[in-house]
Structures are given as C-alpha cells and as structure tokens.
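Keep the sequence and the 3D view at hand while reading.

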Amino acid sequence: MKKIISLSLFLIFSMVFSQIQRVEPAFWWKGMKNPELQILLYGKNIANSQIELSDNIQIKNIQKVENPNYVFITINTNEINSERFKINQKINNKVVASYNYELKTRKLNSANRESYTSKDVMYLIMPDRFANGDESNDSVPQLTEKANRKDRNGRHGGDLKGIINNLDYLQNLGATTLWLTPVCEDNEPRTTYHGYAQTDLYKIDARYGTNEDYQKLSQELKKRKMKLVMDYVTNHWGASHWLIKDLPTKDWIHWFEGEPNGFKRSNYKTTTQFDTNASDIDKKLALDGWFDTSMPDINQSNPLVLNYLIQNAIWWIEFADLDGYRVDTYPYNDKEAMAKWAKAITDEYPNFNIVGEAWLYTAAQVSAWQKDSKIGEAANYNSNLPSVMDFMLYSELPKALNEKEGWDTGMIKLYNVFTSDFLYPDVNNILVFFENHDTERWNEIFNGNPEAYKLALTLISTVRGIPQIYYGSEIGMRGDKPKLGDGDIRRDFPGGWKNDSQNAFNPATQTKEQKEFYDFTQKILNWRKNNDIIHTGKTKHYLPENGVYVYFRYNEKGSVMVVLNNNEKEQTLNLKRFAESLKGVTKAKDALSGQEILLDANLTVPAKSPLILELK
C-alpha cells in the first residue's frame with residue numbers, strides 16, 4: 001500500500017512539472033578556446049527539480065532565476081571526454097526527462113577561418129524580396145504572417161533556395177560576399193519580411209527554408225570562393241520571442257515602470273554614448289528605449305543575456321561556417337557589454353570580421369566604435385569591434401553630386417570625408433556604400449540616371465575600405481521611401497518569381513536601361529577583384545576643381561588614378577598639377593575600356609563620368 005501511495009504522490013507531483021521543453025544551445029563543439037558552456041534548460045517548474053549529467057560529468061554551476069521555468073547550467077567541455085552525454089531531470093531522485101547532448105567535432109582549422117576584407121565586394125540581399133526558389137514555404141502553418149505579394153509591407157516568398165539558384169548571377173556580377181538581412185525566425189503578426197524582430201535565434205525562418213538550407217547556401221558560396229555574412233541583432237528581439245513571452249528575469253529586457261507593457265520608445269540619439277555633456281535621462285532613453293512596441297529592448301548588461309548572445313553568435317559561426325557578421329544598431333546596445341561580446345567572438349576566431357552599424361554622421365563619432373580607436377580610448381573605451389560603416393561618406397555622397405560647386409558645396413564634400421581618415425585605426429576595414437535596405441534608393445534620388453550611379457559606384461569601388469552594394473541597384477532598381485515607405489525600397493527583383501514578366505537575372509533578357517547599369521557594375525567589380533593597389537594601397541587626393549575630384553591609390557608596385565567628373569561639361573585637366581603622383585608616367589590603361597591613354601600635357605574627361613587609369 002505504501003508503495004502505491006508513494007507512486008501516486010510521485011505521479012501527482014510530477015504532473016506539475018513538464019519535461020525539458022527547450023535546450024539552448026541544442027549542441028556544441030569540442031575544442032573551443034573558451035571551454036565553458038552555459039546551457040539554458042526550459043520546462044514548467046524545472047527549477048524545482050534536480051539536474052544531473054550522465055557519466056559522472058560534473059556541473060560547474062547551476063543558476064536558478066526568478067522564473068522557475070528556467071535553469072542555467074555551466075559545464076567545462078574540456079573535462080568531458082565523450083561526444084554524447086545525457087542531461088537528466090530528476091524528481092525525488094527519479095529521472096523524469098533526459099536530453100541527449102552532443103559535443104561535435106569542429107571543422108578543421110575552424111578557429112583560423114578567413115573573413116571578408118577590403119579585397120571583397122559585399123552584396124546586400126533582403127531574402128524575402130530577391131527570389132522565390134520554393135513556393136511551398138511561402139506560407140507555413142506554424143508562422144502567423146502569410147505570403148501576400150500584393151502587400152508592399154508583407155511577405156512575398158523569397159527564400160534561401162532562390163538565392164542559391166542565382167549564385168552564378170552574383171558571381172558573374174563580381175560580388176564576393178553576401179550579406180543577408182536577418183533570416184532567423186520572425187513570427188510577429190505583421191511586417192516580418194525584414195527579419196529584425198526575431199523570435200527564435202537558433203532557427204531559420206521556415207518561410208526562408210531550414211537550418212540545413214542555410215548551411216547549403218554557405219557551402220555553395222564556398223564552392224565559388226564567396227563568403228556569407230549574417231546580419232546579427234543584439235539590441236532587440238521580437239515581442240513574440242518565446243523567451244520574451246516567458247521572461248527568465250524581468251531585467252532580461254529594459255522595462256520602464258508605469259508604462260504599458262514596460263514600453264517606452266527610444267529617442268534614437270546614440271551620440272549620448274560618448275557625449276560628456278549628455279544628461280542621464282537622454283542617455284538612458286537612447287539605450288534602453290525600445291525601437292518599437294514589437295521590439296523589446298534586450299539588456300546586454302545582464303550576464304545571462306550577454307552569454308546567451310555570445311554563444312548564439314559562435315554557434316552560428318560553427319554551424320553555418322560563417323565568414324563574418326554585420327551587427328544591427330550597434331550604438332543602441334550597452335557598449336561595455338558589446339565590447340565583451342565582440343572580444344569573445346574574435347578571441348575564438350582571430351581573423352573574423354564584424355562590422356557594426358553606427359549610424360552617425362561624423363568620422364569622429366563613427367570611428368570611435370572601431371577597435372583601438374584613439375577617440376574611444378579618450379573615453380576609456382575599446383569596442384573590440386573590427387569594422388564600422390562609413391555613414392559620413394554615405395551622407396555626403398549624394399550632396400556632392402547634387403550640389404552646385406562652391407567653397408563648401410559639391411565635390412569638396414567628398415574630399416572632406418577622406419581628410420578624416422586619420423581617425424580610423426584601420427581605414428581599410430570600414431564598409432563604404434551609397435545605399436542599403438534602410439536608406440533611400442540611389443537610383444530614385446537621381447531619377448534613374450546611370451551617370452550618377454556610375455560615379456558613385458566608381459567611388460566606393462576605388463577608395464579605401466570594403467564596398468557594399470544593394471540588390472537591384474546594378475539593374476537600376478528604384479523605390480520611393482519618403483512617399484511609399486520601406487516596402488518600396490525593398491521591391492522584388494524582376495525574374496525572381498516564376499510568373500514575372502521579365503527576368504533581369506539573365507543579361508540576355510535585361511532591358512536596355514537595366515543592361516547599362518549591369519554592364520558597368522560587372523566591369524568595375526570584376527576589375528577590382530584582383531587589384532591589390534585598390535584593396536590595400538595608400539591614397540593621395542587633390543582638391544576638386546570645376547566639379548572634378550582626382551585621387552590616386554598606390555603602393556610600391558604601382559598606381560591607379562581615379563577621376564570623377566561631376567561637371568555638366570567635358571573637362572580638360574592640366575596634368576602638371578598631379579606630377580607628384582604621376583612621377584613621369586606618360587601612358588595609362590583605361591581600366592574599364594582597356595584602351596591606352598596618353599598622359600602628356602592634358603587629360604580630357606567627358607561630362608558626368610568617371611575614369612580609372614592604371615598607370616604604366
């Protein structure tokens with residue numbers, strides 16, 4: 001009778017507990033530089049049960065939090081000899097649930113993987129809008145928002161298979177690195193196509209494909225000697241994230257007491273991060289305020305949160321064989337915590353590149369976020385972040401081409417951008433661009449004018465840094481952000497859907513207008529691929545005159561002369577002015593046409609056009 005009663009009590013007691021519902025990370029790798037691994041265990045009242053490991057493996061630390069549905073255990077992977085072991089959940093010394101944990105073998109030389117550098121050209125894709133390779137996953141039962149291509153702000157069905165199907169196009173174009181906007185699950189009710197409100201950091205959104213599809217994309221890129229960059233979001237998650245819906249701790253996110261659901265919108269003024277005159281309230285609202293009601297602001301200063309983010313980032317590097325990260329909204333995070341995040345990743349992968357989005361408009365403010373910045377040092381801070389995005393160049397470039405020439409207007413704005421290069425600890429490791437998925441479309445600003453596009457593309461392809469272009473610009477794609485919003489600058493690539501009336505992925509079926517953009521892009525990007533002078537050479541530039549900006553990229557092996565004529569008329573340059581860079585050279589090769597150019601007394605440059613000369 002006692003045994004029956006004991007068994008009944010055990011069964012009743014067990015009913016208020018669930019088995020282990022989630023384990024994150026679900027598996028790990030042996031041989032990491034940091035052998036400590038924090039494993040999140042989730043299940044109803046799991047904190048009230050016992051957690052043990054099989055094979056007499058010791059748990060270094062068990063941490064319980066205010067929510068009894070979580071337990072965080074820390075183990076030392078160097079002390080585990082087996083590839084598999086069990087995580088056992090016990091109640092009254094009886095095992096009620098087990099999870100088979102695996103420590104995988106790392107890819108050979110994984111720690112020393114190469115990453116993207118100034119040798120590369122980064123091509124930015126919004127996967128939902130690029131190409132639909134698998135119509136069966138356009139809508140899936142377990143995810144709320146369904147495909148509706150008629151909705152500018154809805155899901156359109158682009159996916160990973162669509163990208164894989166068009167890798168030859170991208171390779172032939174001259175792109176060497178793909179940056180995809182976030183592809184992890186985003187199960188918010190609406191506007192999920194952009195992916196920045198992620199709801200599961202360990203799972204590819206099923207409307208894009210599977211984790212294995214993401215692995216395949218990485219593998220297919222490597223066959224072509226191309227690279228994959230993941231867009232990583234540390235600042236905010238989606239409100240529907242399973243961890244947000246059942247918070248481990250209240251301070252997992254930034255919570256504003258007295259506000260509905262703890263929400264208060266950010267003031268978006270991240271200059272407060274380094275502003276010695278900033279008020280505490282302004283700084284707090286910038287960093288702790290939410291991007292939107294659907295994007296709770298993550299508290300990276302919580303050690304459990306920070307470790308979760310570090311391990312998740314490392315997990316994707318190993319699992320998908322990633323070549324780099326782009327990190328969204330970098331200055332909105334706790335900067336001390338993010339310095340630890342970046343260092344933890346680069347300690348494991350010394351060559352791994354991470355570029356942060358620091359949307360600020362002066363070189364001083366942007367450069368402060370790059371690793372070993374003297375400006376950051378003056379504020380007793382080192383971000384450990386290898387690369388930053390050159391938002392100053394992005395901001396000044398359309399002004400330079402649109403304005404009339406004057407003392408401080410027109411092409412002098414470009415010259416002034418590069419006068420601040422001394423502020424960057426590694427000037428070759430900054431991302432240069434004239435548009436992305438958040439900005440106005442360049443070809444909309446300039447009304448589809450290929451001359452403006454050619455000048456801008458020539459600039460970012462020949463100055464210091466890593467050039468980044470946005471999908472579709474190479475065929476003249478447009479979109480009106482001020483009038484029609486973000487959805488319009490994220491239009492579908494023509495030919496990415498089987499019923500499209502025209503296929504721009506095939507140069508033979510491109511329109512005349514598309515082909516002018518495409519041909520120029522293909523020529524300059526493929527020329528750039530093998531040009532070390534452009535990748536790592538020094539720069540010497542000359543003050544613009546009459547709307548013409550001239551600069552030289554050079555090293556001990558040679559020199560390249562770049563001329564950007566933004567004047568409405570043909571211009572003739574007196575070459576004596578550039579004697580210190582020409583050094584008696586009398587001939588050059590036009591990099592785009594292949595023609596030989598004589599450099600005698602003068603050089604004539606057509607109106608509104610670039611010229612790239614390889615000096616002989």
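## Cavities

In this predicted model, there are 2 cavities of 30 Å³ or more.

The largest cavity holds about 50 Å³ of space. Its lining is made up of Phe418, Asp421, Val463, Arg464, Thr539, Tyr549 and Tyr551. By class, this lining has 4 nonpolar, 1 polar and 2 charged residues.

## The second largest cavity

The volume of the second largest cavity is about 30 Å³. Around this cavity lie Glu24, Pro25, Gln38, Leu40, Phe72, Tyr202, Tyr308 and Gln311. Two or more lining residues come from each of the elements β3 (36-42) and α7 (303-320). The lining of the second largest cavity consists of 5 nonpolar, 2 polar and 1 charged residues.

## Helices α14 and α16

How do the axes of α14 and α16 lie relative to each other? The axes of α14 (residues 450-462) and α16 (residues 512-529) come within 11 Å and cross at roughly 10°. Angles under 35 degrees count as roughly parallel, and α14 and α16 are therefore roughly parallel to each other. Their crossing is right-handed.

On the α14 side, the contact is made by Pro450, Tyr453, Lys454, Leu457, Thr458, Ser461 and Thr462. On the α16 side, Glu516, Phe517, Phe520, Thr521, Ile524, Leu525, Trp527 and Arg528 take part. Taken together, the residues of the contact between α14 and α16 comprise 8 nonpolar, 4 polar and 3 charged.

Conventions. Residues numbered from 1 in each chain as written. Predicted model: local features only at pLDDT ≥ 70, side-chain atom pairs only at ≥ 80, totals over all residues. Heavy atoms only, no water. 1 Å grid on protein atoms, 1.4 Å probe; cavity = no way out; pocket = protein on both sides within 12 Å on 5 of 7 lines; lining within 4 Å. Points joined across faces, edges and corners; volume = space filled by probe spheres on them. Nonpolar A, V, L, I, M, F, W, Y, C, P; charged D, E, K, R; others polar. Helix = DSSP H or I, 4+ residues; strand = E, 2+ residues; numbered from the N terminus. Axes fitted to C-alpha atoms, helices over the stretch in contact; angles between N-to-C directions. Parallel < 35°, antiparallel > 145°, perpendicular 65-115°, else oblique. Left-handed = near helix turned anticlockwise from the far one by under 90°. Contact = heavy atoms within 4.5 Å.
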